[in-house]
Amino acid sequence: MAPRPPTASPCPTRIERHGDVRDDEYTWMRRGDDPEALAYVRKENRYAAAVMRPHAGLERMLFQEMKQRYREDDEQVPERRGEFLYFWRSPRGKEHKVLYRRPVLAGALARPILDLNALAAALGVPSLHLGAVEPSPDHRRLAYTVDPTGGEHHRLFVVELEAGTPPRLIAEDLAPCLAWAADSRTLFCCGLNDVGQARLALRVDAERPGERHVVFREDAPSFFVSCRRSRSGEWIFIVSSSNTSDEIRILRSESPEEAPRLLHARAPGVELRVAHHGRHFYVLTNDQAPAGRILRAPVAGPSEWREFL
């Protein structure tokens with residue numbers, strides 16, 4: 001006899017949002033800490049296991065075949081950051097990768113600086129998702145974000161690479177992006193609102209866990225915020241993006257407490273990708289060029305955009 005699927009009980013809930021009113025009978029299933037929701041998920045899991053039980057042999061065969069198509073002990077090409085090379089290794093038989101670094105000098109030994117398997121064990125979870133990873137400009141610290149639950153709410157940790165002390169939890173409820181200021185102490189990251197959207201650009205202190213200062217708030221419902229450091233290391237970019245347009249704000253990496261200022265305003269349908277080099281900012285955009293064009297503006301007068309390519 002075939003197993004019967006579970007049936008969720010409807011519980012009508014009226015939702016009013018953006019001028020729209022609707023009734024949702026299953027909103028209660030979104031509450032991850034609701035005992036009834038958890039009980040129903042367990043019923044679904046038992047049903048799925050019963051349905052798939054006759055195919056257990058095929059599942060094992062497919063899994064082994066897929067494992068044979070990649071190297072378990074793979075190693076990525078090193079990326080140079082300052083006087084160090086950073087690279088990932090995949091230990092055989094482990095769920096997650098390990099980040100290593102070594103000095104650029106020939107013959108220098110590599111050492112692990114972030115073991116995601118050990119981190120998952122320390123957090124008490126079977127697996128986790130790594131977001132952003134960035135060494136500080138002076139290479140004494142490593143900052144990284146992880147999502148240990150699958151809920152896309154990242155936690156920001158900072159570890160002292162020379163001291164060998166346990167990582168410090170700096171902030172929670174973040175998106176997977178971050179940027180170091182030039183002082184190797186201040187970090188910029190993006191906070192989530194109550195529905196999990198990245199709407200806040202935050203400044204946090206690697207030596208003061210729990211402190212967070214809002215430097216920019218995005219109010220448009222269709223836009224989200226991200227941040228990154230320019231490859232030159234001189235600027236912090238705070239970008240507001242929707243599916244079809246972007247807006248860019250900047251602040252100097254050496255002055256992390258200054259207010260970000262607008263570099264390029266948003267316009268409907270206009271996408272922007274920004275970079276800095278020398279005395280100029282560069283923007284790759286589709287504005288008046290469906291195939292793309294590059295604009296350039298001097299740092300001293302960033303409103304004076306001219307076509308570069």
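Residues are numbered from 1 along each chain as its sequence is written, and side-chain values use heavy atoms, without hydrogens or water. Because the model is predicted, local features need pLDDT of at least 70 and side-chain atom pairs count only at pLDDT 80 or more, while totals for chains, interfaces and linings use all residues.

**Cores**

A nonpolar core is a set of buried Ala, Val, Leu, Ile, Met, Phe, Trp, Tyr and Cys residues joined through side-chain atoms within 4.5 Å. Buried means under 20% relative accessible area, exposed over 50%, and partly exposed in between (1.4 Å probe, protein chains only). The largest core has 17 residues. Leu99, Leu114, Leu116, Leu130, Leu142, Tyr144 and Val146 have the most contacts inside it. At least two residues of this core come from each of strands E4 (84–89), E6 (111–115), E8 (141–147) and E9 (154–160), and from helix H3 (116–123). Helices (H or I, at least four residues) and strands (E, at least two) are DSSP runs, numbered from the N terminus. A second, separate core has 16 residues, among them Ala181, Ala201, Ile236 and Leu251.

Contact means heavy atoms within 4.5 Å. Not counting residues up to four places away in sequence, Leu99 touches Tyr86, Phe87, Trp88, Arg111, Pro112, Ile113, Leu114, Val133 and Leu142.

**Largest pocket**

A pocket is an open set of points on a 1 Å grid over the protein atoms alone, where a 1.4 Å probe fits, with protein on both sides within 12 Å along at least five of seven lines; lining residues have an atom within 4 Å of a point. The largest one has a volume of about 420 Å³, taken as the space filled by probe spheres set on the points. Its lining has 17 residues, with Arg81, Glu134, Arg229, Ser230 and Arg231 nearest the centre. By class, five are nonpolar, six polar and six charged. Strands E3 (79–81), E7 (129–135), E10 (168–180) and E14 (224–229) each supply at least two lining residues. E10 gives the most, with three.

**Cysteines and Thr27**

The structure holds zero disulfides (a disulfide is a pair of cysteine sulfur atoms within 2.5 Å). The closest cysteine sulfur to that of Cys189 is in Cys227, 6.5 Å away, too far for a bond.

| Residue | Relative accessibility | Class |
|---|---|---|
| Cys11 | 41% | partly exposed |
| Cys189 | 1% | buried |
| Thr27 | 18% | buried |

Thr27 sits in the loop between strand E2 (20–24) and helix H1 (35–52). Leaving aside neighbours within four places in sequence, Thr27 contacts Thr13 and Ile15.

Methods:
Nonpolar A, V, L, I, M, F, W, Y, C, P; charged D, E, K, R; others polar.
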